Amino acid sequence: MHQASVRMPQMGSSVHESTVVEWKKSVGDRVLKGDPLLSAESDKVEFEIESPANGVVKEILVVPDTTVPVGEVLAILETEEEISEEAQVAPQPSGPPKATEWVAPVAPIRREKPGPARSAAPPLRTAPPDTAVGSMLSPRVQRLAARHGIDPGALSRIPGTGAGGRLTARDLERFIAEGGEGEPPSVPLSFSPIARDTEETLESREPFNRLRRRIAENLTRSVREIPQVTTFLEIDMSRVAAWRDANKDEFRKTHESALTFTPFFALAIIAALRDPENARLNGACEEGTLIIKRYVNLGVAVDTPEGLMVPVLAGADGLGFADLALRLSDLSERARAGTLEPDEVRGGTITLTNFGASGAIFGNPIINPPEVAIVGAGAVAPRAVALPGGGVGVRPTMGLSITFDHRANDGMAAGRFAASIRAALEGMDLSQLEY
């Protein structure tokens, strides 16, 4: 079987690597010459890589969100046509299918002479003017920063792992997941009316879509029918954060998935619910009866383009750490893509909502009826705390919120449950976490 390397045109002399954003074809798909195979992103532009010939995708070698240098093989295409070094298709005699290799459309990496040894932690970069910072950021990084309200001045102080220390989307996602916050963007003062499309358009109306209507109905029922109270406490996340930092790269390499804090929260909730004293927080309140459930179907609130959804991980209490992390990630991804099955949004026994992704420290979550409790996790971020034995130090901490149905439980029961979750997170035997 003939194999030929196909190299894309150089994307500028200063570009040395590209990131795979999304595959538009899967293994086994038949493609025609010119069909988009995947979207990729250089430091300055997002683009598509097209099929150079008719054929079938045999193998995909690089997963999305992977940054690759020049020469990296991305996929294998079986084709009856041979591709020359100039990526021109030429007719081939009949015979077995040929194979074509995809490589990253980037410029060659400059080989720099070895310099003096650097410290383990890269120094913070000096902030250039905002216009210079923006011109160095890829569209994906700019969109991600805008979504989380991080301005260019704050971005310039995040260590980058891209070419020349440039900030990549993965760097920014890591910064956000670890609870990092940039400086709030400066808002210029304006004493003129709010801009509008025409002089006549002073108001606009946006009818609720079907999902938004269901959300409104469910939340209205919740606050109307359930006397709910929220309790708050803080958790020292030092040990969990350190273990995650030490293992997240290997986890991604092994499972091709990011390691977030969510599976740790889920493990702590499950551990707390195994204590019979906390059993009344896991269940449903229906027609004046509390139904206590000794299994955990964990609902996880997910922010989707259409609105908030709560997919349910059935049998969460029977899963190991890696399975828990991967299945939670899969549910969240399919919720955002709109590909959940009907049964995957039913039957929850307790819900977890992570509002820390927005940077919020605490929140007041609303119960998802007929459940009787919801657990909210705030941002994991460095804060000044009182240390054992006196003194003050800075440690990564998290705000925990538990809203409970006061018909089914009292404040002391909810307080014990919150304390159990804190004990599980602060005292977790991390040596048992296998992946």
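Tutor: We start with pLDDT, which is the predictor's confidence in each residue, from 0 to 100. This is a predicted model, in which local features need pLDDT of at least 70, side-chain atom pairs count only at pLDDT 80 or more, and totals for chains, interfaces and linings use all residues. Residues are numbered from 1 along each chain as its sequence is written, and side-chain values use heavy atoms, with hydrogens and water left out.

Student: What pLDDT does the protein chain average?

Tutor: Of the residues in the protein chain, 75% score at least 70. Taken over the protein chain, the average pLDDT is 79.

Student: Which strand has the lowest confidence?

Tutor: Strands (E, at least two residues) are DSSP runs numbered from the N terminus, as are helices (H or I, at least four residues). Confidence is highest in strand E20 (residues 373-377), at a mean of 97. At the other end, with a mean of 34 over residues 89-90, is strand E10.

Student: How many contacts beyond four places in sequence does the model have for residues 87-135?

Tutor: A contact means heavy atoms within 4.5 Å. Where pLDDT is low, the predicted coordinates should not be read in detail. For residues 87-135, pLDDT stays under 50, and the number of such contacts in the model is 116.

Student: Why do the buried residues of H4 line one face of the helix?

Tutor: Buried means under 20% relative accessible area, exposed over 50%, and partly exposed in between (1.4 Å probe, protein chains only). In helix H4 (residues 169-177), the buried residues are Ala169, Asp171, Leu172 and Ile176. They line one face because, seen down the axis of H4, they fall within an arc (that of the directions from the helix axis to the C-beta atoms) of 160 degrees.
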